[in-house]
Amino acid sequence: METNDAMNLDAGIYVNLFELEFDDCSVDLMYTSRDKFPTLRELRDQLVDANVKAQVYAVSEDAAEVRVNKIYGYGLEQHRLEALGFELTAVRVSRQSVH
């Protein structure tokens with residue numbers, strides 16, 4: 001049996017796989033309220049059907065008793081997400097090790 005040592009990972013959030021170091025910078029992402037798209041599968045299917053080269057992922061967090069439900073979009077054609085109600089935001093990446 002032949003094995004392939006190369007591994008491709010889609011862009012996304014990976015936890016506890018390996019240590020990463022980032023330079024201090026801002027990253028432009030698109031975002032919208034999760035309420036607009038209750039299921040990511042339907043949104044992802046829309047992007048495929050429209051041939052939009054962008055990915056989306058959902059974030060849910062509770063901070064100071066405020067519930068935040070957002071969908072973030074990124075990729076080569078993330079600007080096309082504006083047609084679906086997404087807005088541009090800058091996310092700060094700090095120079096610290098992430099485990």
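Strands are DSSP runs of E of at least two residues, numbered from the N terminus.

**View 1. Leu88 in strand β5 of the predicted model.** The coordinates shown come from a predicted model. Leu88 is placed in strand β5, which covers residues 87–93. With a relative accessibility of 56%, Leu88 counts as exposed, because the cut-off for that class is over 50%. Beyond its neighbours within four places in sequence, Leu88 is in contact with Asp28, Leu29, Met30, Tyr31 and Gln78. The C-alpha atoms of Leu88 and Met30 are 4.5 Å apart, although 58 residues separate the two in sequence.

**View 2. The largest nonpolar core.** This core has 11 residues in all: Met30, Phe37, Leu40, Leu43, Leu47, Val52, Ala54, Val56, Ile71, Leu81 and Phe86. Helix α1 supplies the largest share, 3 residues.

**View 3. Surroundings of Phe86.** Phe86 is a member of the largest nonpolar core. When residues up to four places away in sequence are not counted, Phe86 touches Met30, Tyr31, Thr32, Phe37, Leu43, Val56, Ile71, Tyr72, Gly73 and Leu81.

**View 4. Backbone at Asn51.** Asn51 belongs to the loop that links α1 (40–49) to β3 (55–63). Its phi is positive, at about 55°, although Asn51 is not a glycine.

**View 5. Confidence along the protein.** The average pLDDT of the protein is 80, and 67% of the residues score at least 70. Confidence is highest in α1, at a mean of 94, and lowest in strand β6 (residues 97–98), at 46. Where pLDDT is low, predicted coordinates should not be read in detail.

Terms used:
Residues numbered from 1 in each chain as written. Predicted model: local features only at pLDDT ≥ 70, side-chain atom pairs only at ≥ 80, totals over all residues. Heavy atoms only, no water. Helix = DSSP H or I, 4+ residues; strand = E, 2+ residues; numbered from the N terminus. Core = buried A, V, L, I, M, F, W, Y, C linked by side-chain atoms within 4.5 Å. Buried < 20%, exposed > 50% of the residue type's maximum accessible area, 1.4 Å probe, protein only. Contact = heavy atoms within 4.5 Å. pLDDT = per-residue confidence, 0-100.
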